Amino acid sequence: MASRDVAFWKEAINDEMDSIMSNQTWELVDLPPGSKPIGCKWVFRRKYHTDDMIQTFKARLVAKGFKQREGIDYFDTYAPVTRTTSIRILFALASIHNLFVHQMDVKTAFLNGDLNEEVYMEHPEGFVLLGNENKVCKLVKSLYGLKQAPKQWHEKFDHAILSDGFRHNNVDKCLYSKTCDDYMVIVCLYVDDMLILSDDMRAIIETKRFLSSTFKMKDLGEVDTILGIKVKRNSGGYALNQTHYIEKVVSKFSHLKIKDANTPFDSSIKLEKNDGRSVAQLEYASAIGSLMYAAQCTRADISFAVSKLSRFTSNPSVEHWKAIGRVLGYLKNTKELSLQYSKFPVIIEGYSDASWISSVGDNLSTTGWVFTLGGGAVSWGSKKQTCISHSTMEVEFIALAATGKEAEWLRDLMMDIPFTANNVSTVSIHCDSQATLARANSGVYNGKSRHISIRHEYVR
């Protein structure tokens, strides 16, 4: 209240309280004997556009959920969100089938959930009603900060959208589709951000109208930014990049004196476990988290490096920090790179590979895979294997089995999306090891290969 932006913050606070009161989030009651009210606090945040201009001033009343007691104030807390893989597949399909992609945002999403438990809360600061100083707020709807708030919101949204004729995707429960006589529409939900896809603009307008009549929504029009990923539509299809996010990360760690690099990792350097004193462990964990987000969303090219460096988070050394600096230097040098999806190819293809004993000290190898659709990568991974292998063939075979699992998930996802008219019952996977291919196509077991027989059956 003492800042120069006080007028904007007051407006944001009043907007939040209006949403809470119109939603009948609580009722004032006397505190029952033996009950303890939890506290609450105001959280203030400026939201920015990708060009660093202030978008909105946001004030949020947050309950101190850390004071809730499990089994009394809450039970389940789990709420699903869509995978970023699903989002990329939707953009690939939008490029192939020339779909419209629009975006909506739910205003104060968590206030929509209904509470089943009895939770009492103190009055919010600055809004204590005269004559009711000794009363407490009994929460009827969920509030930000409560342990069960995400779960209750998802249940409410799930019930509402299914009642309008939508149905779940079999493998991603935050993907909903609806097929009518003259159009098909898909809704993809990530907490309170949603994408609406259709080949018919009427379908998108009808879906928006239904959602706006059920919840307080903000119509953001054609998709521009989703989960920090910048979306650009061009004549060929859609392109996804994180240029603005990478700039922020590089700026955050600029004190490392980052130099431009052409590759994210120097394979000649063998990183080993640090037996000495850790160097800036908390900051290292923060750097890994920042890089992980880029690797998960659009930057498949740094997956191996991030997977490798994340193994030293508990006790980083100077050498590990140098490797972090190289990844940041590579991102700085290639920040404009984007995932580009086009109309071809319309089938999904996978590529499997592995590096034998890439981890010094524990003799474990690394699995890697990537799947492409519409000319761009939609799914990828780089993970340390959990078992010691006796040969490069076994290493490649374990990687092939992991790729097979992802292929099965992708196939099931695609088969349940209305726009994938082409047959996706078979997914092509490429492997560069002739010995592994021979083993996969062989039905003979002997003493040397019995231990991979379960994986063998899975790959077949």
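Helices (H or I, at least four residues) and strands (E, at least two) are DSSP runs, numbered from the N terminus. Keep that in mind for the whole talk.

This is a predicted model, so local features need pLDDT of at least 70, side-chain atom pairs count only at pLDDT 80 or more, and totals for chains, interfaces and linings use all residues. Residues are numbered from 1 along each chain as its sequence is written, and side-chain values use heavy atoms, with hydrogens and water left out.

Start with the pocket. Which elements supply at least two lining residues each? They are helices H1 (6-22) and H5 (243-252), plus strands S2 (40-48), S3 (54-63), S4 (100-106), S11 (217-222) and S12 (225-226). H1 gives the largest share, 7 residues.

Now the inside. Buried means under 20% relative accessible area, exposed over 50%, partly exposed in between, with a 1.4 Å probe and protein chains only. A nonpolar core is a set of buried Ala, Val, Leu, Ile, Met, Phe, Trp, Tyr and Cys residues joined through side-chain atoms within 4.5 Å. The largest core here has 43 residues, and Met121, Leu143, Leu146, Phe157 and Met194 have the most contacts inside it. Helix H3 (residues 149-162) contributes the most, 5 residues. Another core, of 41 residues, lies apart from it, and includes Leu93, Ile186, Ile229 and Val424.

Next, cysteines. A disulfide is a covalent bond between the sulfur atoms of two cysteines. The cut-off is a pair of sulfur atoms within 2.5 Å. How many disulfides does that give? The count is 0. For Cys137, the nearest cysteine sulfur belongs to Cys40, 7.1 Å away. Cys137 is buried, at 0% relative accessible area. For Cys297, the nearest is that of Cys188, 13 Å away. Cys297 is buried too, at 1%.

Last stop: Thr386. Look in the loop between strand S18 (376-384) and helix H9 (392-415). Is Thr386 buried or exposed? Exposed, because its relative accessibility is 77%. Thr366 is 20 residues from Thr386 along the chain, and their C-alpha atoms are 9.2 Å apart.
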